[in-house]
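Here is a short tour of one protein chain, with the fold in view and a few side-chain pairs picked out along the way. Please keep the structure open as you read.

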Amino acid sequence: MLAIGVAVSDSPTGPFEDAIGKALIINEMTTDMKYGWDDIDPTVFIDDDGQAYMFWGNGSCKWVKLKKNMIEVDGEITTFKPKNYIEGPWVYKRRGLYYLVYASEGTKPEMIEYCTAKSITGPWKYQGIIQENVPNSFTTHPGIIDYKGKSYFFYHNGSLPTGGSYRRSICVDYMHYNKDGTIQKIVQTTDGVSSVK
């Protein structure tokens, strides 16, 4: 069975140590999926008011509030199923709009699709596919940041020598938004992005 733990450090580069001596999330806490690998791929989002939320899950997306100490859950776990959702959620807020970006069923390998909401707790509106299949890997997961006026989309593929679905490489390409906040399709490149000064 898989579980989600919490590690802490005084430095972002470690060393890290177990914060609570046990798992934060265990399979018995999430029973909507009848297999033991549904509690994977956690991501934490801190809203403007300082409240932290953790999203995760395979087969269904789950979220829970975290207490201020970031090592305890605060309330009940909520489970929901965005369209075509598989795993790997990434949650963020941009210009007042919340985004839930995730690995999706696609064409069997995974693609990246997304939803938006006016509240971190939803309801989430499905918006479509933003990344097609990646080379030499059945899976791809998203990570998104804005930095110095540009938006960056991180993902993985299996394109490097000896690469594959279980030997993945980190990639980054530019991400662009439409005026209404929707996301344009990601253009996958072999060059990636320019260095930032």
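A residue counts as buried here when its relative accessible area is under 20%. At 0% relative accessibility, Asp38 therefore counts as buried. Keep in mind that this is a predicted model.

**Salt bridges**

Asp38 has a partner: its side chain meets that of Lys62 in a salt bridge, at 3.7 Å from N to O. Lys62 belongs to strand E5 (residues 61–66) and Asp38 to the loop between strand E2 (17–18) and E3, so the pair ties together parts that are 24 residues apart in sequence. Lys62 is buried too, with a relative accessible area of 0%. Asp32 joins Asp38 and Lys62 in a network of salt bridges.

The structure holds seven salt bridges, including these:

| Pair | Closest N to O distance |
|---|---|
| Lys67 and Glu72 | 3.8 Å |
| Lys185 and Glu132 | 3.0 Å |

Lys185 sits in the segment after strand E13 (169–175), while Glu132 is in the loop between strand E10 (125–131) and E11, so this pair ties together parts that are 53 residues apart in sequence. Lys185 is partly exposed at 48% relative accessible area, and Glu132 is partly exposed at 34%. In the other pair, Lys67 is partly exposed at 33% and Glu72 at 35%.

**The overall fold**

Now step back to the whole chain. It has zero helices and 13 strands. A compact globule of 197 residues would have a radius of gyration near 16 Å, and the 17 Å of this chain agrees with that. The C-alpha atoms fill a box of roughly 45 × 40 × 35 Å along the principal axes. Of the 197 residues, 44% count as buried. The accessible surface comes to about 11000 Å², and carbon and sulfur atoms contribute 54% of it.

**A hairpin**

Strand E3 (residues 43–46) pairs with strand E4 (residues 52–56) in the antiparallel sense, over four bridges. Which residues of E3 lie on its covered face? They are Thr43 and Phe45, whereas Val44 and Ile46 make up the uncovered one. Phe45 has Tyr53 as its bridge partner in E4. Five residues lie between the two strands of this hairpin, where Gly50 takes a positive phi near 90°.

**A nonpolar patch**

Finally, look at the surface, where Ile145, Tyr147, Phe154, Ile170 and Val196 form a nonpolar patch with about 470 Å² of accessible area together. Ile145 lies in strand E11 (residues 143–147) and is partly exposed, with a relative accessible area of 38%.

Technical notes. Residues numbered from 1 in each chain as written. Predicted model: local features only at pLDDT ≥ 70, side-chain atom pairs only at ≥ 80, totals over all residues. Heavy atoms only, no water. Buried < 20%, exposed > 50% of the residue type's maximum accessible area, 1.4 Å probe, protein only. Pairing = 2+ DSSP bridges. Patch = residues over 30% accessible without salt bridge, like charges linked within 9 Å, V, L, I, M, F, W, Y side chains within 5 Å. Areas by Shrake-Rupley, 256 points an atom, 1.4 Å probe, with all protein chains shown as cover. Salt bridge = Lys/Arg side-chain N within 4 Å of Asp/Glu carboxyl O. Rg over C-alpha atoms; globule rule 2.2 N^0.38 Å.
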